[in-house]
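Student: Could we go through this model together? I have it open and would like to talk it over.

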Amino acid sequence: MSTQPRRGGRPAGRPYRRPRKDPVRILAFEALRAVDERDAYANLVLPPMLRKAREKDPAEGGIDARDAALATELVYGTLRRQGTYDAIIAECVDRPLREVDPPVLDVLSLGAHQLLGTRIPRHAAVSATVELARVVLGDGRAKFVNAVLRRVAADDLDGWLDRIAPPYDEDPEEHLALRYAHPRWVVSALWDALGAPSAAAQGGGGGDITDLLEADNERPEVTLVARPGRCTTDELSSEETLPGRWSPYAVRLAEGGEPGALDAVREGRAGVQDEGSQLVALAMAAAPLDGPDERWLDMCAGPGGKAALLGALAAERGAALLAAEKQPHRARLVARALEGNPGPWAVVASDGTRPAWRPGGFDRVLVDVPCTGLGALRRRPEARWRRRPEDLAGFAPLQRGLLRQAVAAARPGGVVAYVTCSPHLAETRAVVDDVLRGLRKESDGTAAELLDARELLPGVPALGEGPDIQLWPHLHGTDAMYLALLRRTA
Ligand SMILES: C[S@@+](CC[C@H](N)C(=O)[O-])C[C@H]1O[C@@H](n2cnc3c(N)ncnc32)[C@H](O)[C@@H]1O
């Protein structure tokens with residue numbers, strides 16, 4: 001029998017075989033396409049896709065819990081390491097990557113992740129990805145995928161990194177960027193914010209840039225908050241939970257725990273909230289005050305996680321919370337988060353830079369400004385590749401404007417907590433320093449000073465030299481939240 005290929009490329013005599021449809025990989029591919037094509041967020045698009053697939057019959061492409069975990073790992077892992085996989089794939093194709101069709105590149109990245117970032121055996125990773133390519137790209141392009149993945153499979157991740165990354169001594173930032181899959185400018189910014197290695201790190205206790213970059217590549221634990229006066233940590237605790245590390249209101253869920261299954265979460269008495277977010281809200285609430293403690297303001301409240309905790313804390317003290325949010329749809333989420341709050345609260349859809357409230361009336365103000373989110377890279381696997389250094393300049397005037405208005409909203413003697421979910425110095429210290437400097441120059445008499453925020457988080461280690469606080473995923477297990485606490489003095 002002739003083995004000459006026919007015009008379609010199939011050897012004569014070999015019967016056509018339909019591609020095997022693997023629902024897990026098809027779902028992972030579709031999620032990657034949504035992220036790539038529609039700028040969707042993986043943490044938002046994936047859960048409903050998984051839910052739908054789990055409701056289907058297995059004969060019709062339904063998946064079970066283990067499949068769902070694999071699909072999640074494939075999507076998150078592929079997106080997280082995208083820059084590194086792109087650099088490796090670029091070595092294995094004979095044209096610039098920008099000339100490879102995006103869906104083909106998504107299949108290749110998915111294959112590269114299975115080969116280099118999981119324990120899936122090589123032959124299984126290649127054949128499953130080629131089958132996927134046959135289903136979603138067609139037989140012709142599946143051959144290209146097969147050829148490229150065989151080249152990728154010729155080495156493991158460490159071998160590839162030795163080839164594509166410069167030695168650490170020659171170019172430490174590029175080395176770390178490729179090894180830990182972060183854009184170079186992000187490595188550089190995180191390193192600046194982290195500063196010189198702490199004494200603990202020098203003694204081998206962790207705390208240096210590689211620990212941080214590694215932590216950014218881990219999936220964060222799910223942490224719950226028991227909103228005080230409405231729920232207790234005991235109510236949330238079970239054999240599947242651990243106590244919070246730092247916040248007295250936190251409970252950590254074991255892998256696979258479903259917060260939505262808990263009555264307290266469904267009823268809004270508890271919620272999902274990173275311990276870092278809890279800590280900055282608690283510090284704002286604990287800051288010492290002279291005089292009344294009756295009116296609290298959350299100036300950038302959407303979607304309402306911190307507002308719900310502050311509302312509960314305020315209620316215990318008989319204080320009222322006003323939560324402001326510029327986007328009306330997000331303001332509605334804040335109102336939902338505050339529903340059932342035992343004390344007085346109100347939500348306004350309002351631009352904090354043109355306040356809807358009279359200045360000088362609040363005892364405590366939280367301003368949790370919009371930012372690059374570089375402190376939450378663990379949660380949003382694609383975010384690091386989407387952000388650009390230019391984004392910082394876009395946020396800068398807004399962050400300064402909001403902090404200025406937060407100081408103006410506080411009464412003399414009142415406190416302001418400036419919070420970002422980014423450790424980038426341009427969004428943290430630079431903003432606070434500029435606003436304080438600006439106040440000193442202005443002649444309207446408003447003045448503020450920095451308070452030592454570290455004292456308000458007793459028992460939390462490695463908070464830096466103060467007076468502000470930077471939390472870190474590798475040191476605290478939290479998002480990299482930043483907090484500066486100011487007191488309006490005049
Ligand atoms: C970092 S988020 C706040 C997160 C919130 N504190 C929480 O814990 O759920 C920043 C919020 O500020 C809102 N925002 C942006 N510009 C604003 C402005 N000029 N005034 C008030 N809110 C604004 C955004 O819509 C976004 O919801």
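Predicted model: local features only at pLDDT ≥ 70, side-chain atom pairs only at ≥ 80, totals over all residues.

Student: OK, how many residues surround the ligand, and which are closest?

Tutor: The ligand is surrounded by 20 residues, the closest being C300, G302, K306, G352 and D368; a residue is near a molecule if its C-beta atom, placed from the backbone, lies within 6 Å of it. Two or more residues of that shell come from each of α16 (305-317) and β6 (320-325), where helices (H or I, at least four residues) and strands (E, at least two) are DSSP runs, numbered from the N terminus.

Student: And what is the shell like by class?

Tutor: Seven of its residues are nonpolar, seven polar and six charged, with Ala, Val, Leu, Ile, Met, Phe, Trp, Tyr, Cys and Pro counted as nonpolar, Asp, Glu, Lys and Arg as charged, and the others, Gly among them, as polar.

Student: Switching to helices, which residues of α1 and α5 meet?

Tutor: From α1, R25, A28, F29, L32, R33 and D36 meet P102, P103, D106, V107 and L110 of α5, contact being C-beta atoms, placed from the backbone, within 7 Å. By class, this contact has seven nonpolar, no polar and four charged residues.

Methods. Residues numbered from 1 in each chain as written. Contact = placed C-beta atoms within 7 Å.
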